[in-house]
Amino acid sequence: MKKIQEFFKNISIIDWVLLFLLTGTCFFFFMQGDMLHTGGSSFAYLNGHIFDFYEYNLKTLGADNYMPTTYILFAIWNIPMRLFVTTTADFDAPVLVRLWYKLFTTVFYILIGFIIYKILREKNFDKKIALVGAFLFYSSPIAIYSQFIFSQYDVITAFFMMLGVYFWVKKKDTSFALSFAVAITCKYYALLIFVPLLFIREKNIWKIILRLIQAGSVFVVEMLFYVRSSAFRAGIFGFGATDFIFNSGSGGGGATASFVVLLWVFLCAYTYFKKFEDEDDELRFSIFITCMVCFSFFGLSYWHPQWVLFIVPFLVFGILFSDKPDVYLIADTMMFFAFTGFLSVAFEGTSDETTFKYGVLRELIAGFEGGEFHLSKFYVFRNKSLWYSAFSALLLVMAFFSNRKYQIKDKVVKVLNYKWLIRLRAGIIVVVFLIPATYAMYRNATGPLPIYQVATDYIIDPLDPMVDESELVQIFPAAGDSITEVKILCYQKVQYTSAVFTCSILDNDTGEVLGTTEIETLSYGSNEYVEGFFDTPISVEPGKYYKLVVTSNFNDPTDRLCIYAAQDDSENTLANGYLTFNGVEYTDRDACIIVLGHK
């Protein structure tokens, strides 16, 4: 009984073991493909392509979008793979290479927790509290998702950034700047943290300029080395993800004032002009300002799910220093729920159950990871703005209330009074992601798969509005034995338009109606697939042609409820060009539909 009581009083060895089992399971079974591109690109360095690195990879693997630092680090780690396993690697890399990549980033993940431990020890917190700080990072559901499920390399940026924070705490200014110099070359957003931390400590303009030069030094050296490369310039400066911070703002005359930039500049200015009483005052303010910077970037602009690892170490300090850590832990748990809702809707088919694709089950699930039952099925509200707003609101609350007024007095940490919430926070990833994602993959492995599909990664345009006299006919060959459902990509001028599509499958030779279903469009937003299910599977013959006939009861053409059509591509034919809309035959395009069934 005493052992059970001790378990609930402390973060025990059992907690660490359960955490190891959770992260270990994710380590082996999940992986998104981006790391394969980055890790594979690094082999160019090992094969002697130093000066033509970006040109060589552009021809073999595709454009590289990061500065050399990331690829150099991967190249060093991949030396054993190059010597004993493979001379090149791509998206078909063997499982050993894939796990080797993940082990590399996992080392950085472990080191971040160790740095958090060292920072707390440096500020004279006892070992038990410092270990709790490391545990809070390791068990963060967002961190686990980014590192062990999505399997990205943002953890490298986070490591060098936190190393810089450690040197900042130790007042080693040059090491602080140079650590951030490396972090900035991995992901530019490390600069957002560097500047306010610099302004907390340094008020002398000339010394500020010196530190900024040091922080930009590695970037400048690498840029000068490759700037003459057109592939480098296109990959680095043409990377669209860097424009996200400018896509949210206000203004007129075709110009937008970015909310991210406005808030960040204000926070930097506020930090520069603020005077601090002592080192403890600096430390406590740094927690608030870094959390607010995290909100400025991730609460006011679009982001990719793996990037959010960036905020976790700063929220950990917010939890530790909070006078109400129970509220913080609950908010952090709810934030992951909103985070999962957003990624499942906004990044459907790339960041959800499809992260099984490159795990150890890859060879077993090949073909099933592209199924149509996604994690988003569990998130009833398919409005990504709703999930994004919930995430941003919770992040704002956590950031704003991390200021000194709401922090613990002295160093009396209260988080150990809420161990059950720490465990709940860690376990939420099992409930809201792992179990639903596993079920979704099971459904895809046992359920219907596309037997006809028109690719939408070419030029697509909406047809004329679907009104009550409209009729769309798409002739298609069946690549399966039965049809169970149909999905149609639609545009809606007015979100969530109330209309009904009647969809029928006909035998192309006889005109016999084989099955009919109705689709209510009200629950779907614009640029989404509406889907209808047939009451019983429709038996078809593989290779034989059938008709999908779609009509509508909609009566308001001004609201523009339209079906998309994709243009044919001369080198990669989408389908067969057998689309008829309102009596007009189109030989150069096909309706954007997916017909699902069993093969």
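**F239.** I started with F239 in this predicted model, and found F239 in the loop between α14 (230-237) and β1 (249-250). Helices here are DSSP runs of H or I with at least four residues, and strands are runs of E with at least two, numbered from the N terminus. For the cut-offs, buried means under 20% relative accessible area, exposed means over 50%, and partly exposed lies in between (1.4 Å probe, protein chains only).

Next I looked up the neighbours of F239. Leaving out residues up to four places away in sequence, F239 touches N65, Y66 and A234; a contact means heavy atoms within 4.5 Å. I also checked F239 against A93: they are 146 residues apart in sequence and 25 Å apart in space, C-alpha to C-alpha.

**Ground rules.** I number residues from 1 along each chain as its sequence is written. Since I am reading a predicted model, local features need pLDDT of at least 70 and side-chain atom pairs count only at pLDDT 80 or more, while totals for chains, interfaces and linings use all residues; side-chain values use heavy atoms, without hydrogens and water.

**Confidence.** The protein averages a pLDDT of 90, and 94% of the residues score at least 70; pLDDT is the predictor's confidence in each residue, from 0 to 100. I marked residues 570-574, where pLDDT stays under 50 and the model has 11 contacts beyond four places in sequence.

**T70.** I moved on to helix α5 (residues 68-77), which holds T70. T70 counts as buried because its relative accessibility is 3%. Not counting residues up to four places away in sequence, T70 touches T38, Y153 and C186.

**Nonpolar patch.** On the surface I found a nonpolar patch of I72, I76, I79, L83, F84, V85, V95 and L96, with about 770 Å² of accessible area together. Which helices supply at least two residues each? They are α5, α6 (79-84) and α7 (95-122), and α6 gives the most, with three residues. One of the patch members, L96, sits in helix α7 and is partly exposed, with a relative accessible area of 48%.

**α18.** Last, I read off helix α18 (residues 325-346): its 22 residues reach 31 Å from first C-alpha to last, close to the 32 Å expected at 1.5 Å a residue. That expected span is 1.5 Å times one less than the number of residues. Helix α18 is mostly covered, with 16 of its 22 residues buried.

Note on methods:
Patches are made of residues with over 30% relative accessible area and no salt bridge: like charges are joined within 9 Å, nonpolar side chains (Val, Leu, Ile, Met, Phe, Trp, Tyr) within 5 Å. Accessible areas come from the Shrake-Rupley method with a 1.4 Å probe; for residues, only the protein chains shown count as cover. A salt bridge is a side-chain nitrogen of Lys or Arg within 4 Å of a carboxyl oxygen of Asp or Glu.
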